[in-house]
Amino acid sequence: MSDALKHECGIALVRLLKPLEYYKEKYGTAFYGVNKMYLMMEKQHNRGQDGAGFASIKMDVNPGERYISRVRSNAAQPIQDIFSQINERINLEFSQHPEYKDDVAAQKKNIPYIGELFLGHVRYGTFGLNSVENVHPFLRQNNWMHRNLIIAGNFNMTNTNELFDTLIKLGMHPKEKADTVTVMEKIGHFLDDAVRKLYKKAKAKGLSKQEASPYIAKHLNVAKILRRSAADWDGGYAMAGLLGHGDAFVLRDPAGIRPAYYYQDDEVVVVASERPAIQTVFNVPFEEVKELEPGNAIIIEKNGKMKLSEILPPLERKSCSFERIYFSRGSDAEIYQERKMLGKLVMPKVLESIDYDTDNSVFSFIPNTAETSFYGMLEAAQDELNKQKNEAILKERDSLTEERLREIQAHKVRTEKIAIKDVKLRTFITDDSSRDDLVAHVYDVTYGVVKTDDNLVIIDDSIVRGTTLKKSILKMLDRLNPKQIVVVSSAPQIRYPDCYGIDMARLEDLVAFQAALALHKDRGTYTIVEDIYQQCKKQVAMEDAAVINHVKKLYAPFSDEEISDKIAEIISEENIKAKVKLIFQSVDDLHKACPKNLGDWYFTGNYPTAGGNRVVNRAYINFFEGNPERAY
Ligand SMILES: NC(=O)CC[C@H](N)C(=O)O
């Protein structure tokens with residue numbers, strides 16, 4: 001990805017099913033869970049670098065002993081930061097109390113962070129600032145053990161404001177307007193209610209106040225609480241939570257927009273946003289890690305019983321295809337093949353653009369995420385070359401000499417490492433526009449491998465705003481003096497905002513949207529821009545389910561290629577000498593490559609939840625009115 005796109009979050013939940021002594025005996029440490037959490041979070045660091053947080057729960061402690069620990073950070077390396085804090089604290093305890101060394105009970109009693117239940121989160125914010133207060137897990141504290149609630153999620157609700165207002169109507173006074181607080185207070189409200197009812201029941205049974213507590217913990221129906229809480233959530237989510245006494249859950253949205261995977265054996269239950277994190281950290285094969293079904297929750301009771309429960313009726317499955325194209329680590333067995341396929345499927349259009357002249361074309365990729373689709377592209381290029389060789393051989397078969405055969409066989413697909421990302425520069429550069437020359441150097445190039453009559457084909461996974469292409473990549477590539485630069489996007493054109501966890505809220509930021517506007521200007525049809533605005537305005541007071549995505553009309557008159565060509569024009573400044581061509585994946589081919597993840601609203605405008613249409617409607621109104629606000 002050449003555009004810096006903030007996206008996603010990652011969750012990691014670990015429940016140890018055996019007593020801590022077991023792990024000390026088998027793996028040499030009772031901090032087994034903490035160590036695994038570190039790995040689980042680190043293996044998902046791609047999902048969030050704004051902040052990271054960790055919470056743990058010790059089960060069955062005596063009153064007065066601390067049983068919840070939490071640490072959060074928004075430092076530059078947040079995962080390292082929290083785990084060095086955790087380590088320092090643990091080491092301090094051990095150095096002051098060498099007698100704890102082999103005494104697991106003493107460790108559990110006296111050292112924080114050790115425990116049986118853990119929740120971790122890596123964050124890229126989609127709502128609110130990047131202050132440490134916004135870093136998950138969030139904590140709702142109470143002196144009643146089972147009323148403590150710890151929440152962390154990979155999510156974005158389209159109706160956070162509405163949900164917030166509902167809390168007010170319920171008589172609450174939330175201390176912050178953060179989306180995670182809103183979700184947490186909602187769950188908290190129904191948790192309190194459930195606790196109250198169980199308490200009444202316990203009393204009716206003649207239990208004392210003290211006896212009521214374990215009775216409540218035992219009978220809490222987490223599925224029911226989630227059902228009541230999530231009934232009016234509209235969004236994409238994998239929402240994880242812990243209750244103070246030791247119940248845990250992860251709930252996935254009904255369209256399966258955000259990912260969630262789990263694994264269970266007799267030692268652990270683990271849930272994460274990405275499958276390979278579980279595979280590597282617990283050394284288990286692909287098939288043993290399961291996907292949590294849309295609308296379902298995995299609930300792990302305090303007693304260690306794990307169950308899957310349908311919380312909301314599933315909608316048509318529309319899992320986010322961006323997870324496959326770019327967000328998730330490409331080390332997943334399926335995702336790796338899917339990314340290669342994306343490169344393969346886009347190749348026919350690429351070959352056409354270079355006139356099948358593989359001899360005079362250099363193939364390369366934007367580091368690092370486009371590397372896998374590049375391999376797919378390469379295989380397709382290889383196939384094309386083989387086809388050309390076969391044709392030549394068959395054509396000349398009667399006159400073929402060994403020398404000529406060697407000559408035919410000598411043709412190779414030319415691949416080079418062309419673009420280099422100088423990551424450090426990016427952190428140095430501020431938004432000041434006088435720094436264009438510095439910005440151009442965010443990427444660098446390899447000199448001496450491209451000839452002046454070459455096509456330079458370079459694949460990126462997606463083009464969102466196009467700014468890095470324009471301000472850096474194209475300028476640098478042009479220094480190599482190729483005849484033509486072909487930029488290939490393994491994703492289709494991004495035309496609509498996301499509202500389910502990717503920070504992509506403003507229409508006018510999208511270069512495809514800019515291209516459509518420019519085309520309307522060119523053709524004298526710009527009045528449509530205001531017409532659409534009027535249609536959007538009319539929908540403001542409507543129910544979400546009645547809202548239509550009128551923004552589709554803006555793109556309707558143009559072919560994909562017309563938009564691509566316009567984008568090429570927008571991103572190439574006058575002083576670019578090479579011809580610039582842009583090729584995007586088609587939506588059909590995307591679906592062919594990623595058949596299980598058909599969520600494509602950012603490409604097609606088909607939102608999987610009713611709230612999505614309201615968001616795109618609002619985004620368009622904001623654009624038209626010059627309102628910089630976010631659309632959700
Ligand atoms: N990317 C995400 O999942 C973000 C989670 C949540 N909306 C936040 O901003 O904290």
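The legends below describe close-up views of a predicted model.

The model is predicted, so local features need pLDDT of at least 70 and side-chain atom pairs count only at pLDDT 80 or more, while totals for chains, interfaces and linings use all residues. Residues are numbered from 1 along each chain as its sequence is written, and side-chain values use heavy atoms, with hydrogens and water left out.

**View 1. Helix H16, residues 467-478.** Helices (H or I, at least four residues) and strands (E, at least two) are DSSP runs, numbered from the N terminus. H16 has 12 residues and spans 16 Å from its first C-alpha to its last, close to the expected 16 Å; the expected span is 1.5 Å times one less than the number of residues. Buried means under 20% relative accessible area, exposed over 50%, and partly exposed in between (1.4 Å probe, protein chains only). The buried residues of H16 include Thr-468, Leu-469, Ser-472, Ile-473 and Leu-474. Met-476, Leu-477 and Asp-478 are also buried.

**View 2. Lys-471 in helix H16.** Lys-471 counts as partly exposed because its relative accessibility is 26%. Leaving aside residues up to four places away in sequence, Lys-471 touches Asp-436, Val-439 and Ala-440; contact means heavy atoms within 4.5 Å. Lys-471 and Ser-572 are 101 residues apart in sequence, and their C-alpha atoms are 8.8 Å apart in space.

**View 3. An open sheet of six strands.** The strand order is E5-E6-E7-E8-E12-E13, with antiparallel pairing; two strands pair if DSSP finds at least two bridges between them. Strand E5 (138-140) and strand E13 (306-310) are the edge strands, each pairing on one side only. From one strand to the next, the twist averages 20 degrees. Within the sheet, strand E8 (residues 248-252) and strand E12 (residues 296-300) pair in the antiparallel sense over four bridges. Val-250 stands opposite Ile-298 in E12.

**View 4. Helix H6 (residues 179-204) across the strands.** H6 lies across E5, strand E6 (149-157), strand E7 (235-243) and E8. H6 runs at about 130 degrees to E6. Axes are lines fitted to C-alpha atoms, for helices over the stretch in contact, and angles run from 0 to 180 degrees between N-to-C directions.

View 5. Cys-320 is buried, with a relative accessible area of 0%, and Cys-536 is buried with a value of 0%.

**View 6. Aromatic pairs, 25 by the rule used here.** Rings of Phe, Tyr and Trp (its six-membered ring) pair if their centres lie within 6.5 Å; planes under 30 degrees apart count as stacked, over 60 as edge-to-face and the rest as tilted. The ring centres of Phe-31 and Phe-94 are 5.9 Å apart and the planes are at 65 degrees, so this pair is edge-to-face. Phe-31 lies in the loop between helix H1 (20-27) and helix H2 (32-42) and Phe-94 in helix H3 (residues 78-96), so the pair ties together parts that are 63 residues apart in sequence. Phe-31 is buried at 7% relative accessible area, whereas Phe-94 is partly exposed at 24%.
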